[in-house]
Amino acid sequence: MSIRIESRDNGLVKRLARLSVDRKYRRNMQEMVCEGGKMLREALLSGVEIHDVMIADDADVSTEDLHQAQQQGAKLYSCPASLLHKISNVQTPQGIVFSCTLPITELESLRGAQRILVLEGLQDPGNMGTIIRTADAFALDGIILCEGCVDPASPKVVRATMGAAFRMPVAAAGLEETAAFLQRQKLPLYATALSQSSVPVTSVDLRRAAALIGNEGRGVTKKAVSLSEKQIIIPMEGRAESLNASVAAAIIMYEMSRR
């Protein structure tokens, strides 16, 4: 049984709309907004706590998924399709929007991890979402986001993860805190940076290590380089000066997954 909402001034509509655009509000509420039947199913499979589910009148949604969400404590709401435009940040809403607990983990929960990707200053939501999805595909143990990264709980990032946002452990910490944590775990930190001392990624053992990817345009900072054990590069024979951040990260993660 769902509750009917028809007003744009409804409190839930306003809250979901704010969660969709306000990073600070998401962090304070420890909640985020997701969209679409596939994302709902992924959230249910992951066990994340789902709070409120809004379903448009013309939505094509699995009744089984809705029933499961309700059984797990979520509240269901029905609404006109036009109302989802106030919440959704896509031109054509997918007919269902829901809120759930923010799946950001603590740094200490990555104790015992063997392969970690560290991101510094990564700003593009598409790149962030693709990297989280790729890390899930290569079964990395976790991702640590350092200074200047885009919010991993923003709708654009979550949508690009294709559900991996609910499966891949993502923590946030400063560079120095991250370096100290990795040192305690005896995990070497390798920064992807071009310098006179850089070595090919294929020449280091990444099976038990942390690799750092920097900003799309500026790369890693001098501070990050100073905190790393080595700098690594991806050998390229073509004329391109650099790779897209998510492509570079994918190659690094492939190397990390090799046995």
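## Pockets, an aromatic pair and a buried serine

The second largest pocket has a volume of about 370 Å³. This is a predicted model, in which local features need pLDDT of at least 70 and side-chain atom pairs count only at pLDDT 80 or more, while totals for chains, interfaces and linings use all residues. Residues are numbered from 1 along each chain as its sequence is written, and side-chain values use heavy atoms, with hydrogens and water left out.

A pocket is found on a 1 Å grid over the protein atoms alone, as an open set of points where a 1.4 Å probe fits, with protein on both sides within 12 Å along at least five of seven lines; its lining residues have an atom within 4 Å of a point. A volume is the space filled by probe spheres set on the points, which are joined across faces, edges and corners.

| Largest | about 630 Å³ | 23 residues | Thr192, Ala193, Leu194, Ser242 and Leu243 |

In the second largest pocket, the elements that give two or more residues to the lining are α2 (23–29) and β6 (104–105), and α2 provides the largest share, 3 residues. Helices (H or I, at least four residues) and strands (E, at least two) are DSSP runs, numbered from the N terminus.

The structure also holds 1 aromatic pair, formed by Phe138 and Tyr254, which is edge-to-face at 6.2 Å centre to centre and 65 degrees between the planes. Rings of Phe, Tyr and Trp (its six-membered ring) pair if their centres lie within 6.5 Å, and planes under 30 degrees apart count as stacked, over 60 as edge-to-face and the rest as tilted. Phe138 lies in the loop between α5 (125–137) and β8 (142–145) and Tyr254 in helix α9 (residues 245–257), so the pair ties together parts that are 116 residues apart in sequence.

Ser228 is found in the loop between α8 (222–227) and β13, and at 11% relative accessibility this residue counts as buried (buried means under 20% relative accessible area, exposed over 50%, partly exposed in between, with a 1.4 Å probe and protein chains only). Not counting residues up to four places away in sequence, Ser228 touches Leu189 and Ala191, where contact means heavy atoms within 4.5 Å.
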